[in-house]
Amino acid sequence: MRYNCQRVESLSGGTAEDQRRTLFVDESDKVKSVPHNGMPISDVNEFKVDQPLDHGNGGFGSNGKPAAAAINEDSSKKIEDEAWTLLRNSMVYYCNNPIGTIAANDPSSPGTLNYDQVFIRDFVPSGIAFLLKGEYDIVRNFILHTLQLQSWEKTMDCYSPGQGLMPASFKVRTVPLEGDDYATEDVLDPDFGEAAIGRVAPVDSGLWWIILLRAYGKCSGDLSVQERVDVQTGIKMILKLCLADGFDMFPTLLVTDGSCMIDRRMGIHGHPLEIQALFYSALLGAREMLAPEDASADLMQALKNRLVALSFHIREYYWIDMRKLNEIYRYKTEEYSYDAVNKFNIYPDQIPSWLVDFMPSKGGYLIGNLQPAHMDFRFFSLGNLWSIVSSLATLEQSHAILDLIDAKWEELVADMPFKICYPALEGREWQIITGSDPKNTPWSYHNGGSWPTLLWQLTVACIKLDRPEIASKAIKLAEKRISQDKWPEYYDTKRARFIGKQAQLYQTWSVAGYLVAKLLLDNPSAAKNFVNEEDSELVNAFSCMISSNPRRKRSWKKQILV
């Protein structure tokens, strides 16, 4: 069979329709049978996913430790081999080239919903696993084909969002070619949120795309992709969408509920930490990759100004530890002045009772959200971990976050890493904030569920701070169950003892998150490709902001940073 597919390089100048429909013809006069994920049937059946590994029934291993208490190296290797087989079986092909991985490949699931699609955020750990393995083509193809989808006209109920928006996901459809019974064509079918449950906007997709683009260049050494004109244009379109002026008074990115990994109603609308950490990381990556041009000087200056203001805002106002908690407890309210201490008019009665017991004497974290008269004190794992990775948090704050994770291991990890947020919304609060969402019941899914995919962000953060023992402890804990449990999407209950009641099995980013964590622990130096180190130029500008007078602090947009 020969496929007359145009190479992705040749599509950058075509129309959206040209980019979407790429023809391939079957010269053998036979119709090719292509499964939904693009894999040859023989590859799918090579490893039977409904047969979990045998981890043994006890006894002692060669190292003298009880097998029930620790996974020996041989068993760990088998889990890794299984994970790689599952990851490769989830690969999606477009015109016979790998382009991504489907969200889940659960043969027992009666309805796939959209788990048979390639999600931008879900592919990131898969892409990093392939990069660490030296398999760069699938990541390159993913970056360039999703870039083509960015320029599509997107409409929902007669409204078209900004051009820079990246899709939440896409599906590869193989359909018969009209007028030819012996030929088929591949079609990319993106979803920008217009078909998603709740019609949520994929704000984080473009941010993750920039982060993965940078990682591709760092790992492969191939900078030609980020230097392409269409890629440079794509980066600028995302930045212009994010940096557009609006009514907001803060340098943080204002978003609706469900606009990130937590994609259902969970009360995170406003300025959620996860979005801010990804935003900061994407801004740093864009500044590093954008080619210097006279035409982009204003954009680069706006980017630089935003980085300083954003880092100041998050470090100063989102940070909480025992000292800060006591300060909030003694806040005066209704202050009207430029130098007010309680700038956001936070009422001390907002401090929840659980936080007093949760906060350790050593350690702290970045709160989940901040708006006028409102602080969301919940601990959101991805936002805190990525604040370490991206250096949005200071070095001192970063170590304090890991100190808190270590001190509150039973609450945040327990039997399976890692709680997506803590604590769960319960009772009347759950009813009001989630709308009585039956999927987000207390200690399930996004409402305090435990997500194994977060292992990889935890591992990058721990390696960056030279504390890999925390990540190693979490990985060993996951290895006790994750393979036997068939790689669930998430776990339920306070201690993560149950497989999630609606969790998909053989969830690809659970597999990929584990693999990335293992690969990085085996080769810690590779973590440098995914972290952002503290920028001395930003540190100097940040120090200037702290020492400047209150009125000057208000005018961060007008500052010219040298």
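How many residues does α19 have, and how far does it reach from its first C-alpha to its last? Helix α19 has 15 residues and spans 21 Å between its first and last C-alpha, close to the 21 Å expected at 1.5 Å a residue, where the expected span is 1.5 Å times one less than the number of residues.

**Figure 1. Overview of the predicted chain.** This is a predicted model, in which local features need pLDDT of at least 70 and side-chain atom pairs count only at pLDDT 80 or more, while totals for chains, interfaces and linings use all residues. Residues are numbered from 1 along each chain as its sequence is written, and side-chain values use heavy atoms, with hydrogens and water left out. The chain contains 21 helices and 14 strands, these being DSSP runs (helices H or I of at least four residues, strands E of at least two) numbered from the N terminus. Of its 562 residues, 57% count as buried; buried means under 20% relative accessible area, exposed over 50%, and partly exposed in between, with a 1.4 Å probe and protein chains only.

Figure 2. The mean pLDDT, the predictor's confidence in each residue from 0 to 100, is 85 for the chain, and 80% of the residues reach 70 or more. Over residues 54-65 the pLDDT stays under 50, and the model has twelve contacts for this stretch beyond four places in sequence. The pLDDT is also below 50 over residues 551-562, a stretch with 24 contacts in the model beyond near neighbours in sequence. Where pLDDT is low, the predicted coordinates should not be read in detail.

Figure 3. Helix α3 (residues 73-89) has 17 residues and reaches 24 Å from its first C-alpha to its last, close to the 24 Å expected at 1.5 Å a residue. Its buried residues include I79, W84, L86 and L87. Helix α13 (residues 381-389) is mostly covered, with nine of its nine residues buried, among them L382, W386 and I388; just after α13, S391 takes a positive phi of about 65°. Helix α19 is likewise mostly covered, since 13 of its 15 residues are buried. In the loop between α19 (508-522) and α20 (536-547) lies P524, which counts as partly exposed at 41% relative accessibility. Although P524 and K464 are 60 residues apart in sequence, their C-alpha atoms are 8.7 Å apart in space.

Figure 4. Y422 and W443 form a tilted pair, 5.8 Å centre to centre with 50° between the planes. This pair links distant parts of the chain, 21 residues apart, with Y422 in strand β12 (residues 421-422) and W443 in the loop between α16 (427-434) and α17 (455-464). Y422 counts as buried at 15% relative accessibility, and W443 is buried with a relative accessible area of 9%. The rings of Y445 and Y490 have centres 5.0 Å apart and planes at 65°, so this pair is edge-to-face. Both Y445 and Y490 are buried. Ring pairs also link W354, F358, Y365, F379, Y422 and W443 into a cluster.

**Figure 5. Lysines over ring faces.** K439 lies over the face of Y445, at 4.3 Å from the ring centre, and K473 lies over the face of W409, at 4.3 Å from the ring centre. A charge sits over a ring if NZ of Lys or CZ of Arg is within 6 Å of the ring centre and within 35 degrees of the ring normal.

**Figure 6. Backbone details in the loops.** The peptide bond from P417 to F418 is cis, with omega near 5°, and F418 is found in the loop between α15 (409-412) and β12. Another cis peptide bond joins Y422 and P423, with omega about -5°. E334, in the loop between α11 (322-329) and α12 (353-358), has a positive phi near 60° and is exposed, with a relative accessible area of 56%. S436 has a positive phi of about 60° although it is not a glycine, and S436 is partly exposed, with a relative accessible area of 34%.

Notes. Contact = heavy atoms within 4.5 Å. Phe/Tyr/Trp six-rings, centres within 6.5 Å; stacked < 30°, edge-to-face > 60°.
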